[in-house]
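Subject: Structure for you to look at

Hi,

Here's the structure I promised to pass on.

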Amino acid sequence: MNDLFENEQKVTGHMPEQNIEHDRSYQLVVSVNRIEVGRFDVSAYKDYEITLLENSKLKAEDTVEVTVIGHQEGKDDKESKVV
């Protein structure tokens, strides 16, 4: 995740390289102040840009976290560390 600043409405960053064998897919879970604000499909080794809801500009004291969830049919989902 890239640095964030007060009054921003977008969370941007770069999805690191991931294993895409066996039709694996990935979602980015975005939380603000420990409240999930959305799950977004992301591609491995690509930049992402997530727009927060209108009228939800970030405040200086807000905490934003992202987690990557990996999916593969027939397997349990795998979750990254929180960033």
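Let's start with E65, which is buried at a relative accessible area of 16% (buried means under 20%, exposed over 50%, partly exposed in between, with a 1.4 Å probe and protein chains only). Before going on: this is a predicted model, where local features need pLDDT of at least 70, side-chain atom pairs count only at pLDDT 80 or more, and totals for chains, interfaces and linings use all residues. Residues are numbered from 1 along each chain as its sequence is written, and side-chain values use heavy atoms, with hydrogens and water left out.

E65 pairs up with R34 in a salt bridge, 3.3 Å from N to O (that is, a side-chain nitrogen of Lys or Arg within 4 Å of a carboxyl oxygen of Asp or Glu). The two are 31 residues apart, with E65 in strand 5 (residues 64-71) and R34 in the loop between strand 2 and strand 3 (strands are DSSP runs of E, at least two residues, numbered from the N terminus). R34 itself is exposed, at 71%.

E65 also touches S31, whose other contacts beyond four places in sequence are E36, V37, T63 and V64 (contact means heavy atoms within 4.5 Å). S31 sits in strand 2 (residues 25-32) and is buried at 13%.

How many salt bridges are there in the whole structure? The search finds three. In another of them, E49 and K10 have their closest N and O atoms 3.0 Å apart. E49 lies in strand 4 (residues 47-51) and K10 in strand 1, so this pair ties together parts 39 residues apart in sequence.

Cheers

Notes:
Helix = DSSP H or I, 4+ residues; strand = E, 2+ residues; numbered from the N terminus.
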